[in-house]
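Hello,

Here is the structure I promised to pass on.

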Amino acid sequence: MTRWRCDTWTCTWSKKRSTPKPLCPTPRDSNLSSSPRWPLAWLLSFPLLPSAGAPGDLHHRRLYYRRVEEGKQYLVLCRRLVSLNEEFISHKSPAAGFDFTSGKKIEQKLLDYNQEAERFGGYAYEELSEVSPDHKFLAYTMYDKDNDYFTLSVRNLNSGALCSKPQAVRVSNIAWAKDGQALIYVVTDQNKRPYQIYCSIIGSTDEDALLLEESNENVYVNIRHTKDFHFVCVHTFSTTSSKVFLINAADPFSGLTLIWECEGLAHCIVEHHEGFLYLFTDAAKEGQEADNHYLLRCPVDASFPSRTWESVFIDDQGLVVEDVDFCKTHMALILREGRTYRLCSVSLPLPAGKGVVHLKELHPHFLPLPKYVSQIVPGPNYDYYSSTMRFAISSPVMPDAVVDYDLSYGKWNIIQQQNMLRERTRILYGTASSATISLNAKSGESVNELKSDSDNLWNDLSEFYSCEQYDVPSHDGISVPLTIIYSPKYKKENQNPGLLHGHGAYGELLDKRWRSELKSLLDRGWVVAFADVRGGGGGGKKWHHDGRRTKKLNSIKDFISCARFLIEKEIVKEHKLAGWGYSAGGLLVAAAINCCPDLFRAVVLEVPFLDATNTLLYPILPLIAADYEEFGYPGDIDDFHAIRNYSPYDNIQKDVLYPAVLVTSSFNTR
């Protein structure tokens, strides 16, 4: 998906999770301990492993969640047994977890981030955290602002005390092994390149064992465990090659087994299910560059190099698999047909002996979605033995919805969603908090748009705000997707001011989700537009590559074409258009006003990347390969000239009236 970091509680498959953070992170690049995108909604239910309790046994499953204490700046991490509170709703927790009905204290406070702030100079930012499979330990990394790195700590959840080891610094990745008795972690060098893998036995006084050290300065290392905790996957990658190794989680010192390698930089996410390895990748196929990701599988006991990976699905040019998630009984697929997103489930295990098949042959069950879905993000889905999967659904005209889909029984619950409709507020929490609906759709039938005469189940705002989609011809004839939202009540032809947003970098999807802060603009007649320019996501690898390095000007010209379209079609009044971009999107918007300063009346640049030439030539911040692949290698003469042509700082025009510009930054712009 669109995130460049390993999400705090996530074990699902996201295409970017095997890639280091880029130079230009997005404002969403935060976590639940500081500024949650889904506040207090990711409730996690972990089953104990078979050695500690039967999988799926409600008496041993726990809910993990974060909440805010009154008057405190940071969150608190807590847990409780599912059996004590099956219908727990995040904001409805009794004070200090005390159940006045039963007289029992049902909540255990695990970690107070306010106390962590005291440990780290008054500032608490958590990058990673993982509860051990046996629920006894919490491994997490906190940002040390004085030293500018992340420090690893392991806390005993029964006593609350910090473990004496490991306490490593410059840690970029963690994964549990040996049923929670061992922790594997990745350490970065001084340039923040992940290059060493260590294994630490919890409670042991022995030195942490070095499992792998990558001496090549161009190669990066990443790890993750499979959802069933049978393996830890090691991904080593550079711009020229990618490899995937397996570590047996039951015996982490038994060595690394190579299971996959390919030429070029490729995303490689491996999952294990009942004797088969599944590989979700965008590596080249038969020497031809793959435009999108695809799914492969092979028996886990096959040996390399005789191991043969076979495709799961027959290629369908009109249907793109954007993401995959697994549980013991089902596989969930996030699909895209053009601009339309779909979500479906397939029963597991897959039929034996069928080989590669069309998706429809597996009788997928399509799950309900609202209108105009702009993104589907897998939730924690940490419980491998549960058939309920959580997803976050985004739309330009609907507050983000956190939804649980029961893949076995065809029911879905809206776990959390902000209600903007004050005049007809529905109860979204408590006993009536969830819209529990049975899915009666036949196999293969799409139920993406659920309709109800009695209730707006999705709490969308489509009756108040309209959403329209256009294909805008760019300078070279390529069609650029443009999405606009506005209030029909205040829409007047050629009278409305407009705000155009763009990003166009790293192959990331443009964030088109509903923002409550835009409501005041829409209610005053503004048109808010989103330009999916080249360089961003949603159009495959070619769409990304056609807007980076020497082709970066395509992104800028796409943005200008969308701006002109809004004015020429009288959607926005001339001289009333504003631009808006953050991070790499700030570069996009700033470069656009250099080219056409009279096209915009004002622009907002949030933590923008403006001095591309000097930053790439003389990096103050450590850069990674993805940054140079995105913006260009200044040592390459063609790239250097391209950088000079688009770099906003180097192309400010003299004696020209520019639009009003608001630039925002922060104390630490990493």
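First, a convention for the sheets: two strands pair if DSSP finds at least two bridges between them. Helices (H or I, at least four residues) and strands (E, at least two) are DSSP runs, numbered from the N terminus.

This is a predicted model, in which local features need pLDDT of at least 70, side-chain atom pairs count only at pLDDT 80 or more, and totals for chains, interfaces and linings use all residues. Residues are numbered from 1 along each chain as its sequence is written, and side-chain values use heavy atoms, with hydrogens and water left out.

Threonine 281 stands opposite tyrosine 294 of S20.

**The chain overall**

The chain holds eight helices and 37 strands. It has 670 residues, and 59% of them count as buried. Buried means under 20% relative accessible area, exposed means over 50%, and partly exposed lies in between (1.4 Å probe, protein chains only). The accessible surface comes to about 28,100 Å². Carbon and sulfur atoms account for 49% of that surface. These areas come from the Shrake-Rupley method with a 1.4 Å probe; for residues, only the protein chains shown count as cover.

Now the contacts (heavy atoms within 4.5 Å). Among those between residues at least 6 apart in sequence, 57% join residues at least 24 apart.

**Helix H4**

H4 covers residues 552-568, which makes 17 residues. H4 is mostly covered, with 13 of its 17 residues buried. Just after H4, glutamate 570 takes a positive phi of about 60°.

**Salt bridges**

The whole structure contains 34 salt bridges. The criterion is a side-chain nitrogen of Lys or Arg within 4 Å of a carboxyl oxygen of Asp or Glu.

- Aspartate 189 bonds to arginine 193 in a salt bridge, with the closest N and O atoms 3.2 Å apart. Aspartate 189 counts as buried because its relative accessibility is 15%. Arginine 193 has 6%, so it is buried too.
- Lysine 541 forms a salt bridge with aspartate 282, the closest N and O atoms being 3.6 Å apart. This pair links distant parts of the chain: lysine 541 is in helix H3 (residues 540-545), aspartate 282 is in the loop between S19 and S20, and they are 259 residues apart. Lysine 541 is buried at 15% relative accessibility. Aspartate 282 is buried at 6%.
- Arginine 549 and aspartate 639 meet through their side chains in a salt bridge (2.7 Å, N to O). Here too distant parts are linked: arginine 549 lies in the loop between H3 and H4, aspartate 639 in helix H8 (residues 637-646), 90 residues apart. Arginine 549 is partly exposed at 22% relative accessibility, whereas aspartate 639 is buried at 3%.

There is also a network of salt bridges, which links Arg67, Glu69, Lys72, Arg80, Glu107 and Lys109.

Best wishes

Definitions and conventions
Expected span 1.5 Å × (residues − 1).
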